[in-house]
Amino acid sequence: APDGNNYEVNVQLPKDRRRLAADLGNLPISTGKRGPDGELRMVPLRQIADSVISGVLTLRDNQVTVDPRVPPLEGFGARIAFTRKGVSVKDGRARLAGNPISFEASSQKEGGLQLNVAGTLDAGRLRSVSNHPALQFVEGQTQWRGNISVRDKMASLRFDSNLVGIVSTLPAPFTKAASANVPLRLALHERPGGQRLLAIDLGKAASARLLLDAPPANTLKGKR
């Protein structure tokens, strides 16, 4: 409906979310809201140069595959807000290997994306997606937190847990009672050329560094 320099139009979002950006193109959007039927309200201005893009998209109960080597994220849902300056993700929820996780993300002023994530790790559910022999000696649940940053097409990941709630009957020095606080840290850093450095630290018991995707073979450094 025309109103001075502005007018209003409703469009239906495509069911295929991957087509969203292509379908929106360069439409100038000053306010946005996604209702239950998946609509965006767009208010273009007369002068495109003076227009502002912003919007909100709510996703519910989706399945997302981040990497084919990792179980998909089930029940993926989040509130995604976007402007010309960046993107933010709030109220993120999903299940990874049956374990619930929560997350938030935002684009950074210097470029790139920062993702904060937290969840619960259940040893029994982990065995349902991995048959590693060591998991047969581990029981219980524990909380963990992590962050993922992406900049210049390279990612850095870090995950931390005190493993409180996990019981391990593995041989020493990996035996653990449920009440014991044993800090675990996993860190993965991408390097130019496709190499990735994985760092694993388990309290004073063990430390390892793995150089992944490094020709001709991976290298391992560790201590006990």
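Predicted model: local features only at pLDDT ≥ 70, side-chain atom pairs only at ≥ 80, totals over all residues.
The backbone oxygen of Gln-143 sits 2.8 Å from a polar atom in the side chain of Ser-161. Zooming out, the protein chain has two helices and 14 strands, and 30% of its 224 residues count as buried.

**The chain as a whole**

- Take the contacts between residues at least 6 apart in sequence: 34% of them join residues at least 24 apart.

**Around Ser-161**

- Ser-161 belongs to strand 9, which covers residues 154-161.
- With a relative accessible area of 10%, Ser-161 falls under the 20% cut-off, so it counts as buried.
- Setting aside neighbours within four places in sequence, Ser-161 is in contact with Thr-142, Gln-143 and Trp-144, and also with Val-182, Pro-183 and Leu-184.

**The largest nonpolar core**

- This core has 13 residues, and Phe-76, Val-89, Ala-94, Ile-101 and Phe-103 have the most contacts inside it.
- Four strands each supply at least two residues of the core: strand 3 (54-64), strand 4 (73-83), strand 5 (87-96) and strand 6 (99-107).
- Strand 4 gives the most, with four residues.
- Val-89 touches Ala-78, Arg-79 and Ile-80, plus Phe-103, Glu-104 and Ala-105, if you don't count residues up to four places away in sequence.

**Aromatic pairs**

- The count of aromatic pairs comes to two.
- In one of them, the rings of Phe-76 and Phe-103 have their centres 5.2 Å apart and their planes at 25°; that angle is under 30 degrees, so the pair is stacked.
- This pair links distant parts of the chain, with Phe-76 in strand 4 and Phe-103 in strand 6, 27 residues apart.
- Phe-76 and Phe-103 are both buried.
- Trp-144 and Phe-159 make an edge-to-face pair, at 5.6 Å centre to centre and with 65° between the planes.
- Trp-144 lies in strand 8 (residues 138-151) and Phe-159 in strand 9, so their pairing ties together parts that are 15 residues apart in sequence.
- Trp-144 is buried, at a relative accessible area of 17%, whereas Phe-159 is partly exposed, at 24%.

**Where the topics meet**

Key: Residues numbered from 1 in each chain as written. Heavy atoms only, no water. Buried < 20%, exposed > 50% of the residue type's maximum accessible area, 1.4 Å probe, protein only. Polar contact = N/O pair within 3.5 Å; in protein donor to acceptor, adjacent residues only side chain to side chain. Contact = heavy atoms within 4.5 Å. Core = buried A, V, L, I, M, F, W, Y, C linked by side-chain atoms within 4.5 Å. Phe/Tyr/Trp six-rings, centres within 6.5 Å; stacked < 30°, edge-to-face > 60°.
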